[in-house]
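Here is a short report on a protein model.

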Amino acid sequence: MNKAKQIFLKEYADHKQKPLLVQLNGKEYVIPLAYLSENTDAKLAQENFIDDFFDSQQKDLSLYEKNKIEPKEIVWSDGQNKYTFFVPFVLKDKNLSDSEIVSAVFKKAERKYKKAASLARRLQKAYPDSKKTQGISASNVKSMRKQYRAYLWKKGKDKTKYGALLVGNFVLAGFKDGAHKVAELTPDKVKRMVKRYALVTLVGGASLAGSLHSIRSVSSLQKLPQVEVGQNAVSQEDDFEQALEEEAFSEAKNETPAENVVTDTLSAAEHNKQVFLDNINEIKTVLCFMENFASEAFLDGKGVPTIGYGCTYLIDENGKGDRDISPIKENMTMTKSEADVQKARYLTFRVLPQILRDIKCPLDKETLIATTSFMYVIGPEAFRKSSYLKALNQGIKGNKLARFMLGFAKDKGVIKRNLFAHYLINKTLKPVDFLDLRTEGCYNLDVEDCCYMKDSCVKRDKNGLGLFRKDDVAANIAKAKKPRSSVIGKCKLVREVLPAKVVQAVLKNAQKQQNINVAMLQHENLR
């Protein structure tokens, strides 16, 4: 029995469940328990597994579509299952037989399967008390790799040791002595090991399978838009339909950043609480962009007395306060520091408890901040009943999750605010970027800049979901920086109306993240 099967069988044994198996191209694979945990239906779990096993086809189809080339199909049978393949884009001009292409595709998919198993095992060793199960998609593999690197980062006392740990780990199969002597490695030795490992990779890793994108079985292709030979897959006359097609092919960008990874022993609520508290200044920054700052009480668009960063009543140090017992009164004034305290209390005593109560899955930093903004603008009751929350708890991520924000489309101001929450979820904007936007800058946009419209309403697909525009991102961000005046006067940049300590904290966290990203990129380039 190979090691990958052993690792995934152990997951079933640890959870005292009967393993789910599948035959692909004459080989037996253990379907990781994660797929059965997500869907108790065995057939659906198998289909999702096969979908992930051949998950590179989507990227290939996207390349064909972008280059306006009709993909070539291959029909293949292993005696038990029948597959419909699309020739990987990089092989479209190669003179290879169907069997050669299919063989290479399965080797590529199996390599990813084994890599997922290996990383799952490393995380099991890193967090022995964890019962978390892992998938085998490309995004799962990347996420596990980041989690393991975050573990090594925390384990290492400095970056030199961290680099040595990574190199020792990656060359473990060929240079075991080096991995066992991590503590003794000097920077020069690390550099020599990296060069040696890179050379081995280039010499020993160059193969046909190494350059392929894997492709899917016919059972999983039902989830993809159909590409009909001899016809245009996308109507050029309908921007909305074209955008939907592009979204179907777009690669997910919602992996958890390394600094957000916490030990697997934490529950979803504990994880989200930690991410919330670690990024409370980033949350304040995004909300400041939406709300602005008022040093004197004024009536908002609904006639509600408001002050500070959107404060409609005062909260004391014990979390008590509402519009009846501590309302905002006429002629009341508030400094930025006082407003910051009120914002912190509102987030801690009003928003955080709802996050812990209603959200059942762990969120990355950007999704949590965007969700907080969405919750803030529509209110607690509406959020609790929203299709967005339901989608969030179903594990829907990225742009598909953001589209559920367009369910609240009657108020055009809400659409404009949620566009920037959408930018956060998709990592088009980072929290630090909001410092250089104009407060209330989202209201400089027209609703047509934000999403696809039909007459005066949000245009929706067959599932009732609207779609945010992606073709006007740069223009929309530029508009959000333009001068603007509101009922409280001229709007300044967000960094100008936040307390200096908040701005400094956001900049410091952004620099920390950038340093981690650079370190990760350097090690990616060495592999």
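This is a predicted model: local features need pLDDT of at least 70, side-chain atom pairs count only at pLDDT 80 or more; totals for chains, interfaces and linings use all residues.

Residues are numbered from 1 along each chain as its sequence is written, and side-chain values use heavy atoms, with hydrogens and water left out.

**Cores**

A nonpolar core is a set of buried Ala, Val, Leu, Ile, Met, Phe, Trp, Tyr and Cys residues joined through side-chain atoms within 4.5 Å. Buried means under 20% relative accessible area, exposed over 50%, and partly exposed in between (1.4 Å probe, protein chains only). The largest nonpolar core holds 72 residues. Phe276, Phe289, Tyr388 and Phe420 have the most contacts inside it.

What is Phe420 in contact with, leaving aside its neighbours within four places in sequence? Contact here means heavy atoms within 4.5 Å. The partners are Phe289, Met290, Leu429, Phe434, Leu437, Cys442, Leu445, Asn476 and Ala480.

**Cysteines**

A disulfide is a covalent bond between the sulfur atoms of two cysteines. The rule applied is a pair of cysteine sulfur atoms within 2.5 Å. By this rule the count is 0 disulfides. Cys311 is buried, at 11% relative accessible area. Cys361 is also buried, at 14%.

**Gln46**

Gln46 sits in helix α3, residues 42-53. Helices (H or I, at least four residues) are DSSP runs, numbered from the N terminus. Gln46 counts as partly exposed, with 30% relative accessibility. Beyond its neighbours within four places in sequence, Gln46 is in contact with Leu21, Val22 and Ile31. Pro32 is 14 residues from Gln46 in sequence, and their C-alpha atoms are 9.7 Å apart.

**Positive phi**

Most residues other than glycine have a negative phi. Lys427 has a positive phi, near 60°. Glu440 also has a positive phi, of about 60°, and is not a glycine. Lys427 is placed in the loop between α19 (412-425) and α20 (447-450). Glu440 lies in the loop between α19 and α20. Their accessibilities are tabulated here.

| Residue | Relative accessibility | Class |
|---|---|---|
| Lys427 | 27% | partly exposed |
| Glu440 | 11% | buried |

Technical notes: Helices (H or I, at least four residues) and strands (E, at least two) are DSSP runs, numbered from the N terminus.
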